[in-house]
Amino acid sequence: MEGSGAEYVPMTTPPMTLARASWEALGTSVVLLVDDPDALAGARKVVERELHAVDRACSRFRPDSDLQLVNAGAGRFVGVDPLLIEAVEVALRAAALTDGDVDPTVGNALLLAGYDRDWALLERPAPGAAEPEDAARPAITARVTPGWRAIELDRERSAIRVPTGVRLDLGATAKAWVADRAAAAVHDATGAGSLVGLGGDIATAGAAPREGWRIYVTDDHRHVPGSQGQTIAIRSGGIATSSTTARRWRHEGRTQHHIIDPATGAPVALSWRTVSVAAETCLDANVASTAALIRADAAPAWLAQLRLPARLVGGDGTVCLVGEWPAEEEPR
(Lines give C-alpha, C1' and ligand atoms only; values in the text may rest on other atoms or scores of the structure.)
Protein backbone atom coordinates (compact mmCIF):
# COMPACT_ATOMS: atom_id res chain seq x y z
CA MET A 1 0.00 0.00 0.00
CA GLU A 2 1.65 3.19 -1.10
CA GLY A 3 1.81 6.36 0.91
CA SER A 4 0.68 9.72 -0.30
CA GLY A 5 3.09 12.21 -1.71
CA ALA A 6 3.20 14.42 1.37
CA GLU A 7 3.42 14.00 5.09
CA TYR A 8 2.81 15.89 8.30
CA VAL A 9 5.03 16.24 11.34
CA PRO A 10 2.85 16.42 14.48
CA MET A 11 4.48 18.66 17.07
CA THR A 12 3.88 19.40 20.72
CA THR A 13 5.10 22.22 22.90
CA PRO A 14 5.60 22.30 26.70
CA PRO A 15 3.87 21.88 29.08
CA MET A 16 1.92 19.29 27.11
CA THR A 17 2.53 15.69 28.12
CA LEU A 18 1.91 13.68 24.98
CA ALA A 19 3.56 10.32 24.42
CA ARG A 20 4.81 9.55 20.94
CA ALA A 21 5.91 6.51 18.96
CA SER A 22 7.00 6.33 15.33
CA TRP A 23 7.97 3.51 12.98
CA GLU A 24 7.63 2.35 9.35
CA ALA A 25 4.76 0.28 7.99
CA LEU A 26 2.70 -0.03 4.79
CA GLY A 27 5.54 1.58 2.87
CA THR A 28 5.31 4.85 4.77
CA SER A 29 5.94 6.48 8.14
CA VAL A 30 3.66 5.87 11.12
CA VAL A 31 3.26 8.40 13.94
CA LEU A 32 1.20 7.71 17.07
CA LEU A 33 0.44 10.32 19.73
CA VAL A 34 -1.63 9.75 22.89
CA ASP A 35 -2.39 12.12 25.75
CA ASP A 36 -1.74 9.43 28.37
CA PRO A 37 1.89 8.21 28.50
CA ASP A 38 0.80 5.04 30.33
CA ALA A 39 -1.38 4.12 27.34
CA LEU A 40 1.35 4.34 24.70
CA ALA A 41 2.53 0.71 24.72
CA GLY A 42 -0.99 -0.67 24.47
CA ALA A 43 -1.94 1.94 21.88
CA ARG A 44 0.96 0.95 19.64
CA LYS A 45 -0.15 -2.69 19.74
CA VAL A 46 -3.64 -1.62 18.71
CA VAL A 47 -2.32 0.40 15.76
CA GLU A 48 0.03 -2.38 14.66
CA ARG A 49 -2.85 -4.85 14.73
CA GLU A 50 -5.00 -2.58 12.56
CA LEU A 51 -2.17 -1.98 10.08
CA HIS A 52 -1.39 -5.68 9.81
CA ALA A 53 -5.02 -6.61 9.17
CA VAL A 54 -5.44 -4.01 6.43
CA ASP A 55 -2.10 -4.92 4.84
CA ARG A 56 -3.08 -8.60 4.80
CA ALA A 57 -6.38 -7.77 3.13
CA CYS A 58 -5.54 -4.83 0.86
CA SER A 59 -1.88 -4.89 -0.14
CA ARG A 60 -1.03 -4.79 -3.85
CA PHE A 61 2.48 -6.07 -3.09
CA ARG A 62 1.74 -9.15 -0.96
CA PRO A 63 1.10 -12.22 -3.13
CA ASP A 64 -1.00 -13.70 -0.29
CA SER A 65 -3.28 -10.68 0.18
CA ASP A 66 -6.99 -10.98 -0.46
CA LEU A 67 -6.73 -8.10 -2.93
CA GLN A 68 -4.24 -10.02 -5.04
CA LEU A 69 -6.50 -13.07 -5.01
CA VAL A 70 -9.33 -10.92 -6.34
CA ASN A 71 -7.10 -9.41 -9.02
CA ALA A 72 -6.15 -12.90 -10.13
CA GLY A 73 -9.77 -14.07 -10.15
CA ALA A 74 -10.16 -13.76 -13.95
CA GLY A 75 -13.73 -12.54 -13.78
CA ARG A 76 -14.88 -14.98 -11.06
CA PHE A 77 -16.29 -14.22 -7.62
CA VAL A 78 -13.51 -14.71 -5.06
CA GLY A 79 -14.17 -15.28 -1.37
CA VAL A 80 -12.34 -12.75 0.82
CA ASP A 81 -12.09 -11.49 4.37
CA PRO A 82 -14.99 -9.13 5.22
CA LEU A 83 -12.36 -6.44 5.86
CA LEU A 84 -11.60 -6.30 2.13
CA ILE A 85 -15.32 -6.04 1.35
CA GLU A 86 -15.45 -3.00 3.61
CA ALA A 87 -12.30 -1.52 2.08
CA VAL A 88 -13.68 -1.89 -1.45
CA GLU A 89 -16.99 -0.35 -0.38
CA VAL A 90 -14.99 2.61 0.94
CA ALA A 91 -13.23 2.91 -2.41
CA LEU A 92 -16.45 2.68 -4.39
CA ARG A 93 -18.01 5.38 -2.21
CA ALA A 94 -15.02 7.60 -2.99
CA ALA A 95 -15.51 6.98 -6.70
CA ALA A 96 -19.19 7.85 -6.49
CA LEU A 97 -18.56 11.04 -4.49
CA THR A 98 -15.94 12.26 -7.00
CA ASP A 99 -17.74 11.20 -10.20
CA GLY A 100 -15.03 8.63 -10.82
CA ASP A 101 -12.00 10.86 -10.26
CA VAL A 102 -10.84 8.58 -7.42
CA ASP A 103 -11.23 5.19 -9.09
CA PRO A 104 -9.99 1.93 -7.52
CA THR A 105 -9.68 0.24 -10.93
CA VAL A 106 -6.46 2.06 -11.88
CA GLY A 107 -4.21 -0.84 -10.90
CA ASN A 108 -3.13 -1.55 -14.48
CA ALA A 109 -2.30 2.12 -15.06
CA LEU A 110 -0.01 2.08 -12.01
CA LEU A 111 1.72 -1.05 -13.33
CA LEU A 112 2.25 0.56 -16.72
CA ALA A 113 3.69 3.62 -14.98
CA GLY A 114 6.25 1.32 -13.34
CA TYR A 115 4.69 1.08 -9.88
CA ASP A 116 4.95 -2.71 -9.89
CA ARG A 117 6.80 -3.25 -6.62
CA ASP A 118 7.14 -1.79 -3.15
CA TRP A 119 7.97 1.93 -3.12
CA ALA A 120 11.36 1.30 -1.51
CA LEU A 121 12.46 -0.75 -4.53
CA LEU A 122 11.64 1.82 -7.23
CA GLU A 123 14.28 3.88 -9.00
CA ARG A 124 14.20 7.43 -7.63
CA PRO A 125 14.87 10.56 -9.65
CA ALA A 126 18.33 12.00 -9.03
CA PRO A 127 18.24 14.80 -6.42
CA GLY A 128 17.96 18.14 -8.14
CA ALA A 129 17.64 16.58 -11.58
CA ALA A 130 15.73 18.66 -14.10
CA GLU A 131 12.46 17.23 -15.31
CA PRO A 132 12.16 16.44 -19.04
CA GLU A 133 10.00 18.88 -21.00
CA ASP A 134 7.36 16.24 -21.66
CA ALA A 135 7.16 15.00 -18.07
CA ALA A 136 3.67 16.45 -17.62
CA ARG A 137 2.24 14.79 -20.73
CA PRO A 138 0.66 11.33 -20.46
CA ALA A 139 3.11 8.66 -21.53
CA ILE A 140 0.89 5.65 -20.89
CA THR A 141 -2.68 4.55 -21.25
CA ALA A 142 -4.56 1.69 -19.63
CA ARG A 143 -7.76 1.36 -21.62
CA VAL A 144 -8.50 -2.16 -20.33
CA THR A 145 -9.94 -0.58 -17.16
CA PRO A 146 -13.74 -0.24 -17.51
CA GLY A 147 -14.18 1.76 -14.30
CA TRP A 148 -15.42 1.35 -10.78
CA ARG A 149 -19.02 0.55 -11.72
CA ALA A 150 -17.90 -2.85 -13.02
CA ILE A 151 -16.94 -4.10 -9.54
CA GLU A 152 -19.40 -6.55 -7.96
CA LEU A 153 -19.67 -7.22 -4.22
CA ASP A 154 -21.55 -10.07 -2.56
CA ARG A 155 -21.65 -9.32 1.14
CA GLU A 156 -23.65 -12.43 1.99
CA ARG A 157 -20.95 -14.69 0.57
CA SER A 158 -18.13 -12.20 1.37
CA ALA A 159 -16.97 -12.31 -2.23
CA ILE A 160 -15.79 -9.85 -4.87
CA ARG A 161 -15.69 -10.05 -8.65
CA VAL A 162 -13.71 -7.81 -10.98
CA PRO A 163 -13.89 -8.23 -14.77
CA THR A 164 -11.08 -10.04 -16.54
CA GLY A 165 -8.20 -7.66 -17.22
CA VAL A 166 -9.11 -5.28 -14.38
CA ARG A 167 -6.80 -4.75 -11.44
CA LEU A 168 -7.91 -3.09 -8.21
CA ASP A 169 -5.67 -0.71 -6.30
CA LEU A 170 -6.87 0.74 -2.99
CA GLY A 171 -3.94 3.07 -2.41
CA ALA A 172 -6.12 6.18 -2.82
CA THR A 173 -8.37 5.32 0.13
CA ALA A 174 -7.13 2.43 2.28
CA LYS A 175 -4.36 4.30 4.09
CA ALA A 176 -6.62 7.15 5.21
CA TRP A 177 -9.32 4.64 6.11
CA VAL A 178 -7.00 2.62 8.33
CA ALA A 179 -5.74 5.85 9.98
CA ASP A 180 -9.34 6.58 11.01
CA ARG A 181 -9.82 2.98 12.16
CA ALA A 182 -6.59 2.95 14.15
CA ALA A 183 -7.19 6.28 15.92
CA ALA A 184 -10.71 5.20 16.90
CA ALA A 185 -9.49 1.77 18.03
CA VAL A 186 -6.82 3.34 20.25
CA HIS A 187 -9.38 5.62 21.88
CA ASP A 188 -11.83 2.74 22.37
CA ALA A 189 -9.15 0.50 23.88
CA THR A 190 -7.37 3.01 26.13
CA GLY A 191 -9.66 6.01 26.55
CA ALA A 192 -6.76 8.25 25.54
CA GLY A 193 -7.01 11.10 23.09
CA SER A 194 -5.13 9.83 20.05
CA LEU A 195 -3.60 10.91 16.77
CA VAL A 196 -2.47 8.45 14.10
CA GLY A 197 -0.48 9.70 11.12
CA LEU A 198 0.26 7.52 8.09
CA GLY A 199 2.35 9.52 5.70
CA GLY A 200 0.19 12.44 4.62
CA ASP A 201 -2.95 11.10 6.31
CA ILE A 202 -3.74 12.11 9.89
CA ALA A 203 -6.72 10.98 11.98
CA THR A 204 -7.70 11.90 15.53
CA ALA A 205 -10.07 10.47 18.12
CA GLY A 206 -11.06 11.44 21.63
CA ALA A 207 -10.12 14.62 23.46
CA ALA A 208 -7.56 16.93 21.86
CA PRO A 209 -4.75 18.65 23.77
CA ARG A 210 -5.56 22.11 25.12
CA GLU A 211 -4.06 23.89 22.12
CA GLY A 212 -5.24 21.23 19.64
CA TRP A 213 -3.20 18.72 17.69
CA ARG A 214 -0.43 20.78 16.12
CA ILE A 215 0.42 19.56 12.62
CA TYR A 216 3.05 20.73 10.18
CA VAL A 217 1.67 20.67 6.66
CA THR A 218 4.33 20.37 3.96
CA ASP A 219 5.25 18.59 0.74
CA ASP A 220 7.36 15.92 2.39
CA HIS A 221 7.91 14.67 5.94
CA ARG A 222 11.67 15.08 5.47
CA HIS A 223 11.17 18.85 5.38
CA VAL A 224 11.57 20.17 8.91
CA PRO A 225 9.39 22.96 10.32
CA GLY A 226 10.72 26.24 9.01
CA SER A 227 10.95 25.07 5.40
CA GLN A 228 8.06 25.74 3.05
CA GLY A 229 4.95 24.67 4.91
CA GLN A 230 2.56 25.72 7.62
CA THR A 231 1.82 24.70 11.19
CA ILE A 232 -1.88 24.48 12.00
CA ALA A 233 -3.91 22.89 14.80
CA ILE A 234 -7.07 20.80 14.75
CA ARG A 235 -9.28 19.67 17.62
CA SER A 236 -11.03 16.78 15.85
CA GLY A 237 -11.45 15.07 12.51
CA GLY A 238 -8.62 14.51 10.08
CA ILE A 239 -6.29 16.08 7.56
CA ALA A 240 -4.86 14.59 4.40
CA THR A 241 -2.31 15.78 1.88
CA SER A 242 -1.93 14.46 -1.66
CA SER A 243 1.03 15.44 -3.82
CA THR A 244 2.46 14.90 -7.28
CA THR A 245 6.03 15.70 -6.22
CA ALA A 246 7.12 13.84 -3.09
CA ARG A 247 6.49 10.24 -4.20
CA ARG A 248 8.07 10.00 -7.64
CA TRP A 249 10.13 7.42 -9.50
CA ARG A 250 11.82 6.84 -12.86
CA HIS A 251 10.39 4.44 -15.41
CA GLU A 252 11.47 4.05 -19.04
CA GLY A 253 13.27 7.37 -18.98
CA ARG A 254 10.39 9.33 -17.44
CA THR A 255 9.58 10.62 -13.99
CA GLN A 256 6.25 9.21 -12.82
CA HIS A 257 4.00 9.68 -9.80
CA HIS A 258 1.11 7.74 -8.25
CA ILE A 259 -1.86 10.08 -8.80
CA ILE A 260 -3.63 8.53 -11.80
CA ASP A 261 -6.21 10.40 -13.86
CA PRO A 262 -8.79 7.72 -14.77
CA ALA A 263 -9.79 9.73 -17.86
CA THR A 264 -6.34 9.25 -19.41
CA GLY A 265 -4.98 6.21 -17.56
CA ALA A 266 -1.79 8.20 -16.91
CA PRO A 267 -0.27 10.10 -13.99
CA VAL A 268 -2.11 13.39 -13.77
CA ALA A 269 -0.48 16.34 -15.52
CA LEU A 270 1.08 18.68 -12.98
CA SER A 271 -1.34 21.36 -11.82
CA TRP A 272 -1.11 21.59 -8.06
CA ARG A 273 2.07 20.42 -6.38
CA THR A 274 0.29 19.64 -3.13
CA VAL A 275 -3.29 19.73 -1.87
CA SER A 276 -4.12 19.52 1.85
CA VAL A 277 -7.72 19.20 3.06
CA ALA A 278 -9.37 19.11 6.50
CA ALA A 279 -12.59 17.13 6.97
CA GLU A 280 -14.66 15.26 9.52
CA THR A 281 -12.63 12.12 8.80
CA CYS A 282 -9.18 11.50 7.39
CA LEU A 283 -10.78 9.36 4.69
CA ASP A 284 -12.99 12.17 3.42
CA ALA A 285 -10.06 14.59 3.53
CA ASN A 286 -7.95 12.18 1.48
CA VAL A 287 -10.65 11.57 -1.12
CA ALA A 288 -11.05 15.32 -1.57
CA SER A 289 -7.31 16.06 -1.76
CA THR A 290 -6.73 13.32 -4.36
CA ALA A 291 -9.68 14.41 -6.50
CA ALA A 292 -8.50 18.03 -6.29
CA LEU A 293 -5.21 17.11 -7.96
CA ILE A 294 -7.14 15.53 -10.82
CA ARG A 295 -9.60 18.43 -11.10
CA ALA A 296 -6.72 20.89 -11.40
CA ASP A 297 -7.91 24.48 -11.92
CA ALA A 298 -11.48 23.56 -11.01
CA ALA A 299 -10.41 22.22 -7.60
CA PRO A 300 -10.65 25.40 -5.46
CA ALA A 301 -14.25 26.09 -6.48
CA TRP A 302 -15.18 22.42 -6.00
CA LEU A 303 -13.66 22.32 -2.50
CA ALA A 304 -15.35 25.60 -1.60
CA GLN A 305 -18.71 24.20 -2.72
CA LEU A 306 -18.14 21.24 -0.39
CA ARG A 307 -17.17 23.68 2.41
CA LEU A 308 -13.89 21.84 2.99
CA PRO A 309 -10.98 23.94 4.27
CA ALA A 310 -8.00 23.38 1.98
CA ARG A 311 -4.50 24.55 1.13
CA LEU A 312 -3.36 24.14 -2.48
CA VAL A 313 0.24 24.78 -3.55
CA GLY A 314 1.00 25.43 -7.21
CA GLY A 315 4.08 24.33 -9.08
CA ASP A 316 5.68 27.73 -8.52
CA GLY A 317 4.98 27.60 -4.78
CA THR A 318 1.97 29.92 -4.90
CA VAL A 319 -0.48 29.04 -2.12
CA CYS A 320 -4.26 29.09 -2.58
CA LEU A 321 -6.39 28.85 0.58
CA VAL A 322 -9.99 27.65 0.49
CA GLY A 323 -12.71 28.18 3.08
CA GLU A 324 -11.68 28.35 6.73
CA TRP A 325 -8.12 27.16 6.27
CA PRO A 326 -6.10 29.62 8.40
CA ALA A 327 -3.77 32.15 6.83
CA GLU A 328 -1.68 32.15 10.00
CA GLU A 329 -0.75 29.48 12.51
CA GLU A 330 -3.82 29.22 14.72
CA PRO A 331 -5.99 26.49 16.25
CA ARG A 332 -9.05 25.41 14.31
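Predicted model: local features only at pLDDT ≥ 70, side-chain atom pairs only at ≥ 80, totals over all residues.
**A tour from the surface to the core**

At 75% relative accessibility, R307 counts as exposed. R307 is in the loop that links helix 7 (299–305) to strand 17 (310–314). Check its backbone: R307 is not a glycine, yet its phi is positive, about 60°. Most residues other than glycine have a negative phi.

Next, go to D99. Look in the loop between helix 3 and helix 4 (107–112). D99 also has a positive phi, near 55°, and is not glycine. Is D99 buried or exposed? Its relative accessibility is 64%, over the 50% cut-off, so D99 counts as exposed.

Now turn to the core. Select L32, V47, L51, L84, I160, L170 and L303. These residues have the most contacts inside the largest nonpolar core, which has 76 residues. Then colour helix 3, residues 82–97. Helix 3 gives this core its largest share, 10 residues. Nonpolar side chains tend to be buried together in soluble globular proteins.

Zoom in on V47. What does V47 touch, leaving aside residues up to four places away in sequence? The contacts are W23, V30, L32, A182, V186 and V196. Then show L18, L33, W213 and W325. They are among the 13 residues of a second, separate core.

Return to W23, one of the V47 contacts. R44 lies over the face of W23, 4.1 Å from the ring centre. For another charge over a ring, pick R157 and F77. The charged end of R157 is 4.9 Å from the centre of the F77 ring.

Last stop: aromatic pairs. How many does a search of the whole structure find? The count is 0.

Methods: Residues numbered from 1 in each chain as written. Heavy atoms only, no water. Phe/Tyr/Trp six-rings, centres within 6.5 Å; stacked < 30°, edge-to-face > 60°. Lys NZ or Arg CZ within 6 Å of the ring centre and 35° of its normal. Core = buried A, V, L, I, M, F, W, Y, C linked by side-chain atoms within 4.5 Å. Buried < 20%, exposed > 50% of the residue type's maximum accessible area, 1.4 Å probe, protein only. Helix = DSSP H or I, 4+ residues; strand = E, 2+ residues; numbered from the N terminus. Contact = heavy atoms within 4.5 Å.
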